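Work through the exercises below with the sequence and the structure side by side, and try each task before reading its solution.

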Amino acid sequence: MDAVRFSDVVADDGPRGWVDGLSWSTPSPPPAGPGTAVAVVGPPRSGPSVILRLLVDLAHPIRGRAEVFGLDTAAERNEARRRCGY
């Protein structure tokens, strides 16, 4: 099971940015071990804020699926947020 997985996600979060066809995952546990942080970086309006908002269901995919530890962030919002520490 991956810690985070995006499957062909398309999302538009207005002035915050957008993602188009994002497919990406990070393994659980991370290769470096427990307590490892994963950074999402990029230039303004390239999508990092939208990616983080998708993880805690503050932004919603137009298409595709976002998961946290196997939980669909849209269908299981509260548990996904808890697992993200939000």
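**Exercise 1.** In this predicted model, find which side chain joins that of Asp13 in a polar contact, and describe the surroundings of Asp13.

*Solution.* Begin with the side chain of Asp13, which is joined to the side chain of Arg53 by a polar contact of 2.5 Å. Next, locate Asp13 along the chain, where it lies in the loop between strand S1 (2–12) and strand S2 (18–27). Then list its contacts beyond the neighbours within four places in sequence, which are Val50, Arg53 and Ala59.

**Exercise 2.** Determine which elements give two or more residues to the largest nonpolar core.

*Solution.* Start from the 15 residues of this core, of which Phe6, Val9, Ala11, Val19, Leu22 and Leu54 touch the most other members. The elements that each give two or more residues to the core are S1, S2, helix H1 (48–55) and strand S3 (63–68), and S1 gives the most, with five residues.

**Exercise 3.** Decide whether Asp72 is buried or exposed, and find what its side chain reaches.

*Solution.* Asp72 is found in strand S4 (residues 71–72), and it counts as buried because its relative accessibility is 17%, while the cut-off is under 20%. Its side chain reaches the backbone nitrogen of Ala74 at 2.8 Å. Leaving aside neighbours within four places in sequence, Asp72 is in contact with Arg65, Ala66, Glu67 and Arg77.

Notes: Residues numbered from 1 in each chain as written. Predicted model: local features only at pLDDT ≥ 70, side-chain atom pairs only at ≥ 80, totals over all residues. Heavy atoms only, no water. Contact = heavy atoms within 4.5 Å. Polar contact = N/O pair within 3.5 Å; in protein donor to acceptor, adjacent residues only side chain to side chain. Core = buried A, V, L, I, M, F, W, Y, C linked by side-chain atoms within 4.5 Å. Buried < 20%, exposed > 50% of the residue type's maximum accessible area, 1.4 Å probe, protein only. Helix = DSSP H or I, 4+ residues; strand = E, 2+ residues; numbered from the N terminus.
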